[in-house]
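Let's take a walk through this model together. Keep the sequence and the 3D view open side by side as you read.

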Amino acid sequence: MRIDIISCVPNLLDSPFSHSILQRANDKSLSEVHVHDLRKYAVDKHGHIDDYAYGHGAGMVIMCDPIFNCINDLKKEREYQEVIYMTPDGEVFNQQIANHLSISCENIIILCGHYKGIDQRVRDEIITREISIGDYVLSGGELAAAVVTDAIIRLLPGVLGDETSALTDSFQDGLLAPPVYTRPKEWNGKQVPDILLSGHESKIDEWRLEESMSRTKERRPDLWNNYINSQPEAKPKKKRK
Ligand code: 6GU
């Protein structure tokens, strides 16, 4: 998979992709992340990519042409399945969206917003999907783009060492992950739960599911409700009149 991120502060994205799992994915040629400086696509002689918003009060808005030209240049090279705009008024990102993008895309463009956003006409014309990472405002879309990129790339086959580990993540089955423990067996007077030392695989799986369920119920009643409603046996049978 190839992800092209377009930003007017590309330096903000130097670090997230050069460590750990994302670096390994890159080294193994499972993914490529390219960051493009929108300023290189400035159309006026002063190098501006933004201008005052029409109408009073609003701040600076990124102009159509730099974005349009940058994306067109990329599209000349390859086909993109999604052109995503990172914006607080987008669809709220979640594991389902990450799964979908990871499975169905070979090439993705992610455009980071800044200032008061980008000209609406560019959104209407070339953006295929708008994503937010939550109900709070960041100073730009870069950190959000890094979040989305990480969530997608770690799902690509071969990126994680243990093929099953992405499947046991929180959210993958609609539940939060259960607690985990490592050595020593006793720490600060606290014991590792006996069941985990028992070697009894099916009992351990049962325990983990119970823990996942009680954690989800307590911490995320919204997820718990969805989980309950998605379980076939939980659906009340309709009585025939
Ligand atoms: Cl995608 N961008 C900005 N600027 N703020 C955000 C966001 C995106 N998602 C949540 N807050």
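**Around the ligand**

Start at Ile133, which is partly exposed, with a relative accessible area of 21%; here buried means under 20% relative accessible area, exposed over 50%, and partly exposed in between, using a 1.4 Å probe and protein chains only. Before going on, a word on the ground rules: this is a predicted model, where local features need pLDDT of at least 70, side-chain atom pairs count only at pLDDT 80 or more, and totals for chains, interfaces and linings use all residues. Residues are numbered from 1 along each chain as its sequence is written, and side-chain values use heavy atoms, with hydrogens and water left out.

You'll find Ile133 in the loop between β7 (129–132) and α5 (142–153). Helices (H or I, at least four residues) and strands (E, at least two) are DSSP runs, numbered from the N terminus. If you skip the neighbours within four places in sequence, Ile133 is in contact with Met86, Phe93, Leu138, Ala144, Val147 and Val148, where contact means heavy atoms within 4.5 Å.

Leu138 sits in that loop between β7 and α5 too. Leu138 is partly exposed as well, with a relative accessible area of 34%. With neighbours within four places in sequence set aside, its contacts are Ile133 and Ala144.

Now bring in the ligand. Which residues are closest to it? Thr87, Ile133, Gly134, Tyr136 and Leu138 are, out of 13 residues that surround the ligand; a residue counts as near if one of its heavy atoms lies within 4 Å of the molecule. The UniProt record (an unreviewed entry) places a "binding site" feature at Gly113, Ile133, Gly134, Asp135, Tyr136, Val137 and Leu138. Its positions are given in the numbering used here, feature names are shortened, and annotations may be inferred rather than shown by experiment.

Next, look at the polar contacts, meaning pairs of N or O atoms within 3.5 Å; within protein, one must be able to donate a hydrogen and the other to accept it, and residues adjacent in sequence count only if both atoms are side-chain atoms. A nitrogen atom of the ligand lies 2.9 Å from a polar backbone atom of Ile133. For Leu138, a polar backbone atom is 3.0 Å from a ligand nitrogen. Ser132 uses its side chain: an N or O atom there is 3.4 Å from a nitrogen atom of the ligand.

How much of the ligand does the protein cover? On its own the ligand has 290 Å² of accessible area, and the protein covers 96% of that, with areas from the Shrake-Rupley method and a 1.4 Å probe; for residues, only the protein chains shown count as cover. The elements giving two or more residues to the shell are β5 (82–92) and β7, and β5 gives the most, with three residues. By class, the shell has eight nonpolar, five polar and no charged residues. Here Ala, Val, Leu, Ile, Met, Phe, Trp, Tyr, Cys and Pro count as nonpolar, Asp, Glu, Lys and Arg as charged, and the others, Gly among them, as polar.

Let's move on to helix α3. Spanning residues 95–104, α3 holds Ser102, which is buried, with a relative accessible area of 10%. Not counting residues up to four places away in sequence, Ser102 touches Met1, Ile152, Leu155 and Leu156. Beyond its neighbours within four places in sequence, Gln95 is in contact with Leu155, Phe171 and Gln172.
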